[in-house]
Amino acid sequence: LYSVDFIDSDLGWTVGSYGTILKTTNGGTYWVLKESGTTKSLLCVSFAEANNGTAVGSYGTIIRTTSGGESWVLQNSGTTKHLRSVSFLDINTGTAVGDSGIIIRTTNGGETWTLQLSETINHLYGVSFIDENNGITVGKFGTILRTTNGGQSWTQQVSNRANDLYGIHFINENIATEVGINVILRTTDGGANWIYQSSSGANNTYRNVSFSDINNGLVVSEGWKIIRTTNGGTTWTSQIIGQTSLYGVSFVSQNSAVVVGDYGM
């Protein structure tokens with residue numbers, strides 16, 4: 001399972017390999033398998049509200065639901081490149097990113113997707129929008145791109161790191177946190193500057209990050225670890241050490257979070 005998205009403490013979805021989609025309506029106590037209509041790996045899922053959601057994956061796969069995940073319809077992405085991340089703000093406006101720097105955007109719920117100029121050939125692994133204009137995408141070799149005009153143009157930002165970056169959470173117009181191989185970075189000025197944060201140990205491939213508010217955040221890793229901050233990343237502490245690589249996290253509130261990973265965990 002690669003990605004998880006909750007819109008409140010009860011209702012959430014997770015996606016993974018072989019077109020897997022699971023839905024919960026009781027905070028994850030029980031998960032129900034849903035038919036996705038594809039056997040391609042689904043790498044990210046994003047719901048704008050209870051009924052409308054989009055998942056993206058390998059070979060340009062995009063599927064959409066308007067029934068809260070009960071049924072899914074394939075959409076034409078216009079690409080066969082792997083799509084690694086997707087961010088929807090409302091039922092109409094969304095952005096997906098993936099291999100070789102591809103960025104595509106829709107303003108009509110995915111009926112059509114338009115290619116945007118990213119000015120990079122590096123793989124892009126994560127994308128997050130805070131409103132229809134302001135978004136950040138991150139990727140290979142420390143790539144960070146930001147848009148302030150809904151993706152009409154993307155500007156390279158300086159990370160001062162060559163580490164691959166996998167996850168990004170845009171908390172508000174100025175504050176965002178991104179994670180990758182042995183690195184956690186945070187900006188408080190919209191990405192003009194990125195500050196390295198202590199990450200509670202080395203040799204960790206941090207896969208994703210989610211904040212419930214400006215201070216409380218979770219990061220998951222392939223190194224069997226969940227780390228948490230309660231002060232905006234000034235300090236991080238280990239929460240769980242297990243035996244499974246973790247890929248997705250949704251921090252719904254200060255007390256409610258769901259993490260997913262290998263072997264259906």
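## A hairpin in the predicted model

Strands β14 and β15 form a hairpin in which four residues lie between the two strands, and F141 in the turn has a positive phi of about 60 degrees. This description, like everything that follows, rests on a predicted model. The two strands, with β15 covering residues 144–147, run antiparallel and are joined by four bridges, and within this pairing G135 stands opposite T147 in β15.

## The other neighbour of β14

Strand β14 also pairs with strand β13, residues 124–129, in the antiparallel sense over five bridges. A hairpin of five residues joins β13 to β14, and here G135 in β14 has F129 standing opposite.

## How β14 is enclosed

Is strand β14 largely enclosed by the rest of the structure, or is it open? Five of the five residues of β14, which spans residues 135–139, are buried, and therefore the strand is largely enclosed by the rest of the structure. G135, T137 and G139 point one way from β14, whereas I136 and V138 point the other way, and the residues on both sides are buried.

## The chain as a whole

The chain that holds these strands has 26 strands and zero helices. Its radius of gyration is 17 Å, close to the 18 Å that the globule rule gives for 265 residues, so the chain is as compact as a globular protein of that length. Along the principal axes, the C-alpha atoms fill a box of roughly 40 × 40 × 25 Å.

Of the 265 residues in the chain, 55% are buried, while the accessible surface comes to about 11,100 Å², with 46% of it belonging to carbon and sulfur atoms.

Note on methods
Residues numbered from 1 in each chain as written. Predicted model: local features only at pLDDT ≥ 70, side-chain atom pairs only at ≥ 80, totals over all residues. Heavy atoms only, no water. Rg over C-alpha atoms; globule rule 2.2 N^0.38 Å. Buried < 20%, exposed > 50% of the residue type's maximum accessible area, 1.4 Å probe, protein only. Areas by Shrake-Rupley, 256 points an atom, 1.4 Å probe, with all protein chains shown as cover. Pairing = 2+ DSSP bridges.
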